[in-house]
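Hi,

Here is the structure I said I would pass on. Have a look at it first, and my notes follow below.

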Amino acid sequence: MDPQRIAEELRSQLRERPYWTIATIVGVGWILGRSLPLRAALAVASIGARAAMAAALQDVISDRARPRAARTEEAK
């Protein structure tokens, strides 16, 4: 694979899924280097999981807050 293509794909993933991408990078780095303490890796994973849950909850709440007519029009 071309390094430039890998960098572009990584940037794309970072824009679309920033928390998962960062967690994956940290995980791979920890596995390869074992230089990051386990507690630090767990702390980063915990922060990422909380942020992902907050984003998901925000989507659910905003979906429920919209009027039903607006939701049915969007589905069409």
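**What turned up**

Leu14, Ile22 and Val44 make up a nonpolar patch on the surface, and together they have about 220 Å² of accessible area. Patches here are built from residues with over 30% relative accessible area and no salt bridge, with like charges joined within 9 Å and nonpolar side chains (Val, Leu, Ile, Met, Phe, Trp, Tyr) within 5 Å. The areas come from the Shrake-Rupley method with a 1.4 Å probe, and for residues only the protein chains shown count as cover.

Before going on, the ground rules: this is a predicted model, where local features need pLDDT of at least 70 and side-chain atom pairs count only at pLDDT 80 or more, while totals for chains, interfaces and linings use all residues. Residues are numbered from 1 along each chain as its sequence is written, and side-chain values use heavy atoms, with hydrogens and water left out.

As for the overall picture, the protein chain has four helices and zero strands (DSSP runs numbered from the N terminus: helices are H or I with at least four residues, strands E with at least two). Of its 76 residues, 7% count as buried (buried is under 20% relative accessible area, exposed over 50%, partly exposed in between, with a 1.4 Å probe and protein chains only). The accessible surface of the chain is about 6600 Å², and carbon and sulfur atoms account for 62% of that.

Ile22 and Ala45 are 23 residues apart in sequence, and their C-alpha atoms are 9.1 Å apart in space.

How do H1 and H2 pack? Helix H1 (residues 3-16) meets H2 at an angle of about 125°, with the axes 5 Å apart. On the H1 side the contact is made by Leu10, Gln13, Leu14, Arg15 and Glu16, and on the H2 side by Pro18, Thr21, Ile22 and Ile25 (contact means heavy atoms within 4.5 Å).

Finally, a search of the whole structure finds one salt bridge, meaning a side-chain nitrogen of Lys or Arg within 4 Å of a carboxyl oxygen of Asp or Glu. Glu16 pairs with Arg17, and their closest N and O atoms are 3.8 Å apart. Glu16 is exposed at 53% relative accessibility, whereas Arg17 is partly exposed at 40%.

Cheers

Note on methods:
Axes fitted to C-alpha atoms, helices over the stretch in contact; angles between N-to-C directions.
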